Amino acid sequence: MSRIGYAPITIPEGVEVNVSDANLVRVKGPKGELNQQVDACITLKIEDNVVTCERASEQKDHKAKHGLYRSLINNMVVGVSEGYKKSLELIGVGYRAQAQGQKLDLTLGYSHNIIIELPEEIKVTTVTERGKSPTIILESNDKQLIGHVASKIRSLRKPEPYKGKGVRYVGEHIRRKAGKSAAKGL
């Protein structure tokens, strides 16, 4: 059984955590401000730069929410103090990415370019070096949002198992299949 909900969250310097009467948590730091509504079954206590979560009872639903809200608040604290970064690489001949402000222009082998309008909270940069795959770097203070946007970009051309072409996370391992030529020898 997980004990994540019991782990205390230490608040680093420069980060401010406030809990309103309606269980709305506001976290403010050098990288921005985030809000999260917390369920009524979870109570939050802030003492000596440490946030602790407590649940109302031992019900299965309350136990699940205990760990969930502790993780969400911890992600908010880390996000406003350090921020999050996701990198995607484009593997394939002619695959390109170009950032123009909050728009991302992708060439992924379709008959047309794909233009994605990114939220204001996300900062996007593209790196294109000779001899290397183009890379898209996403930065934000919101872990949920950056993960969602990175997943959306990856879903436009998922890596295929035969040649490995597509959009993948940097460091992601793709299981490769042998293909037709391996089957002919049998």
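# Salt bridges, sheets and a nonpolar core

Let's start with Asp39, which counts as partly exposed because its relative accessibility is 26%. Here buried means under 20% relative accessible area, exposed means over 50%, and partly exposed is whatever falls in between, using a 1.4 Å probe and protein chains only. This is a predicted model, so local features need pLDDT of at least 70 and side-chain atom pairs count only at pLDDT 80 or more, while totals for chains, interfaces and linings use all residues. Residues are numbered from 1 along each chain as its sequence is written, and side-chain values use heavy atoms, with hydrogens and water left out.

What does Asp39 meet in a salt bridge? The side chain of Lys65 is the partner, at 3.2 Å from N to O. This pair links distant parts of the chain: Asp39 sits in the loop between β4 (32-37) and β5 (42-47), Lys65 sits in helix α1, and the two are 26 residues apart. A salt bridge here is a side-chain nitrogen of Lys or Arg within 4 Å of a carboxyl oxygen of Asp or Glu. Helices (H or I, at least four residues) and strands (E, at least two) are DSSP runs, numbered from the N terminus. Asp39 and Lys65 also belong to a salt-bridge network with Asp61.

Over the whole structure, the search turns up nine salt bridges. Among them is the one between the side chains of Glu54 and Lys45, at 3.4 Å from N to O. Both ends are partly exposed: Glu54 has a relative accessible area of 34%, and Lys45 has 39%. Another joins Lys123 to Glu139, with the closest N and O atoms 3.9 Å apart. Lys123 lies in strand β11 (residues 123-127) and Glu139 in strand β12 (residues 135-140), so this pair ties together parts that are 16 residues apart in sequence. Lys123 is partly exposed at 48%, and Glu139 is partly exposed at 29%.

Now follow helix α1, which covers residues 60-81. Its 22 residues reach 32 Å from the first C-alpha to the last, close to the expected 32 Å; that expectation is 1.5 Å times one less than the number of residues. The buried residues of α1 include His62, His66, Tyr69, Leu72, Ile73, Met76 and Val80. After α1 comes Gly83, with a positive phi near 90°.

On to the strands, which count as paired if DSSP finds at least two bridges between them. β3 (residues 24-29) and β4 pair in the antiparallel sense over six bridges, and they form a hairpin with two residues between them. Within that pairing, Lys28 has Glu33 of β4 as its bridge partner.

Further along, three strands make an open antiparallel sheet in the order β8-β9-β10. β8 (96-100) and β10 (114-117) stand at the edges with a single partner strand each, so one side of each has no neighbour in the sheet. From one strand to the next the twist averages 20°, taken between axes that are lines fitted to C-alpha atoms (for helices over the stretch in contact), with angles running from 0 to 180 degrees between N-to-C directions.

Next, the interior. In soluble globular proteins, nonpolar side chains tend to be buried together. A nonpolar core here is a set of buried Ala, Val, Leu, Ile, Met, Phe, Trp, Tyr and Cys residues joined through side-chain atoms within 4.5 Å. The largest one has 20 residues, and those with the most contacts inside it are Leu90, Leu104, Leu106, Ile136, Leu138 and Ile153. β7 (84-91), β9, β10, β12 and α2 (143-155) each supply at least two of its residues. α2 gives the most, with four.

That leaves the cysteines. How many disulfides are there? The count is zero, taking a disulfide as a pair of cysteine sulfur atoms within 2.5 Å. The sulfur of Cys41 is 11 Å from the closest cysteine sulfur, in Cys53, which is too far for a bond. Cys53 is likewise in no disulfide. Both residues are buried: Cys41 has 8% relative accessibility, and Cys53 has 6%.
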